[in-house]
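Hi,

Here is the structure I said I would pass on.

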Amino acid sequence: MPEASSSPLLRRRLRHGRDRLATALITAGGIGVIAAVMAIGVFLAVEVLPLFWSAGADEPAVDIASLWGPQDYPGLAEPAYRWQPTLPEGDPGPRFNLAPLAWGTLEAAAWSLVIAVPLALGAAAHSALFMSRRLRGYLKPALELMEALPGVVVGFLAGLVLAPWLERHLGLGLTLLWLMPLGVVLGGALWSRLPGTARRRLPMGWAALWLVPWLILLWALAGWLAPLLEAWWFGGDLRGWVTATLGLDYASRNAIIIGMAMGFAVMPTIYALAEDALSGVPGRLAEGALALGATRWQALWRVVLPAAAPGVFSAVMIGAGRAVGETMIVLIASGNTALFNANPLDGLRSMAASIAIELPEAAPGGSHYRLLLLAALLLFLFTFLVNTLAEVVRARLRRRYRRLGDSA
Amino acid sequence: MLPPLRRGLLAWLLILAVFAALPAVAAPRPPVGTLDTVGSDTMAGLMLRWGESLGRRYPGLRVQLQASGSASAPPALTAGTTLVGPMSRPMSEAERSAFVTRFGYPPQEVVVARDALVLVVHRHNPLTSLSRRQIDAIFSESRRCGGERGIHRWQALGQERPSGRIALHGRNAVSGTHGLLRREALCAGSFRPEVNEHLGAAAVVAAVADDPQAIGYAGLNHRTPSVRVVPLRDPEGRLHTPDPRTVRRGDYPLTRELRLYINRPPGESLPPAERAFLDLVLSAEGQAVVEELGFVSLPASTLARQRRILELDDGGA
């Protein structure tokens, strides 16, 4: 035994064999993953298709018009969009209209992006270009750790803490909405007017730390200002004013709450990918722009951002894909009301949450079951497309960096 | 000589075998073992406490509950994976006939407690009472109980406070509570899509406690001091507040019975474990647990009648 293993020929053969085995395993793994993803799609499609041509005798007919268009339902005065799949047998019959669910899914994703994209991209640009290296070393992992926070926890906090709080402090919320951005800009203006010695004490790279007291001050100001403004403009009752003047109803579990919770959840994803894209831009580009007399803002806006645009775009796309597929946050923090209106202060019900609630109760093979799988198929296709698009664009970015690196 | 690894494995196998055989060898006499039950999550607390009491009476007898909802009990009974299925609603005709097709006899139904559904509002809401027609007009869009028009604002109920829209909170369609309100108070109509669907009754109560404009429904045992229970008004104008007396007599309109469904062939007596369990549930001790958990216990006559049907008192353990 020891004699044979020490022979160089045998050793080489052994190594070759191990190489070949490893290659085969990796290839098999890769093919397996692809096959599994395709199998999911095929399974969903096969389960969904019978819906359209062979509905059971006692099942209501399902077609494109009844899934997406307004319907006449017994007991209702006018055509409406309704997702009420589990009414008692017979009268008045289940109502299968996917429009409210699709709308709820997109609405939730849109509001979460409205909240997450400006914050995440702002943070990414600041930490990639202006932040001190040491602070960035602490903050970036901390922000990325936020991604590990389970959706259940975020949803729970949003539904049981944030929603009641905002409902009680609607005026404060509205005041913060305009006072915070304004105050931060004002802070920047004040900072640039500071004498040189004071500015050296508060370097740009550490703004993330020394802005914190300023933000607390702004919050306190908003807390003092909010009741005054509410009494002055809205007669002391903002919620009543919204209902009376704008004709909008305020539901405590509304689309904005979902947007905030889900925005919080997708922000780390967008931040991490965008930060990578921005800090991957070769440093000499920005340095060159600065040397030619560009301001820091011009260097960011005209040089670095265009160079990193595909990466930033794909970061937003991947964030959107996650927001569309997110289940737990919508399930817990929303009221799961299948409404079809554009009022952001009203509730919503997403496709993913519907699947989570209803699939365990739906009889396999029935219309309801197949419709839930159709919703799953739509979610699958959407996230698949969005992620593929994001990957394609990112590949282009990598090529562009290589080119920029070569030509320099 | 076996190599050490093999010897260790053998030892483990031996230990396992001894443990597996132990209950069979050591069992002196019934009832011992595990009683598997599948069904209602409303009754999960009840089943747990009954199981604890049973364990004190007969050490060695355990009750195990898989509480995923009333709808999960009939399939498990029909498949024969359980002999006892707790349900917070009566079995539907389809579920019963599936059981009969499999076994040739209907499942035995045992009423074990009463529960009521309460309508709750924020503790500062001045609402004095609601009629069935008003509940229907508030919660449904079909208004099959005969309301003229939907009631969507508190002003439509004739009160100044709170202002604005009535915020509606309830359970999702999977729940038996949802079904009970629809059957009993909405005349089997359909809920408005604006009703917030929560994952549990405690979440409904918490949401109502936070919002002065809210109304919601939940089981009697979920009420808390932070919400107010609204009395119901019958067509003659009498008010009914849910309390143990009105629920037990059935005066309060929105009541339901909590049941156990049992697979018991006709003419045969119950297996010892099931028998011990039902004996406990239908005893004063078992009914004290019912009261303790906020449900309503059964009158003595009902208990006695069911004990007689189940032959619990003669030739007993």
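This is a predicted model: local features need pLDDT of at least 70, side-chain atom pairs count only at pLDDT 80 or more; totals for chains, interfaces and linings use all residues.

In chain B, β5(B) and strand β10 (residues 232-233) run parallel and are joined by two bridges. Strands pair here if DSSP finds at least two bridges between them. Strands themselves are DSSP runs (E, at least two residues) and helices are runs of H or I with at least four residues, numbered from the N terminus.

Residues are numbered from 1 along each chain as its sequence is written, and chains are lettered from A and ligands numbered from 1 in the order in which they are written.

**The rest of chain B**

Chain B is split into domain 1 (30-107 + 263-309) and domain 2 (115-252); such bounds come from an automatic or database domain assignment. The C-alpha centres of these two domains of chain B are 30 Å apart. Domain 1 of chain B gives 11 residues to the contact and domain 2 of chain B gives 11 residues, where contact means that C-beta atoms, placed from the backbone, lie within 7 Å. On the domain 1 side of chain B, that contact has four nonpolar residues, six polar and one charged. For these classes, Ala, Val, Leu, Ile, Met, Phe, Trp, Tyr, Cys and Pro are nonpolar, Asp, Glu, Lys and Arg are charged, and the others, Gly among them, are polar.

There is also a helix pair to look at. The axes of α2 (residues 44-57) and α10 (residues 284-292) of chain B come within 10 Å and cross at roughly 145°. Axes are lines fitted to C-alpha atoms, for helices over the stretch in contact, and angles run from 0 to 180 degrees between N-to-C directions. The crossing of α2(B) with α10(B) is right-handed, that is, the near helix is turned clockwise from the far one by less than a right angle. L46(B), R49(B), W50(B) and S53(B) of α2(B) meet E285(B), G286(B), V289(B) and V290(B) of α10(B). By class, that makes four nonpolar, two polar and two charged.

**Chain A**

Chain A has 17 helices and zero strands. The C-alpha trace of chain A spans about 90 × 75 × 40 Å along its principal axes.

Helix α12 is worth a look for its two partners below. α5 (residues 99-130) of chain A and α12 (residues 255-280) of chain A have axes that come within 6 Å and cross at roughly 35°, again with a right-handed crossing. The contact of α5(A) with α12(A) has 25 nonpolar residues, five polar and two charged. α7(A) packs on α12(A) at about 145°, with the axes 10 Å apart, and this crossing is right-handed too. Residues in that contact include G151(A), V154(A) and L166(A) of α7(A) and I257(A) and F264(A) of α12(A). The tally for α7(A) with α12(A) is 10 nonpolar, two polar and no charged.

**Where the chains meet**

Between the chains, 27 residues of chain A touch 21 residues of chain B. α7 (151-168) and α11 (238-246) of chain A each supply at least two residues of the chain A side. That side divides into 10 nonpolar, 10 polar and seven charged.

Conventions
Two residues are in contact if their C-beta atoms, placed from the backbone, lie within 7 Å.
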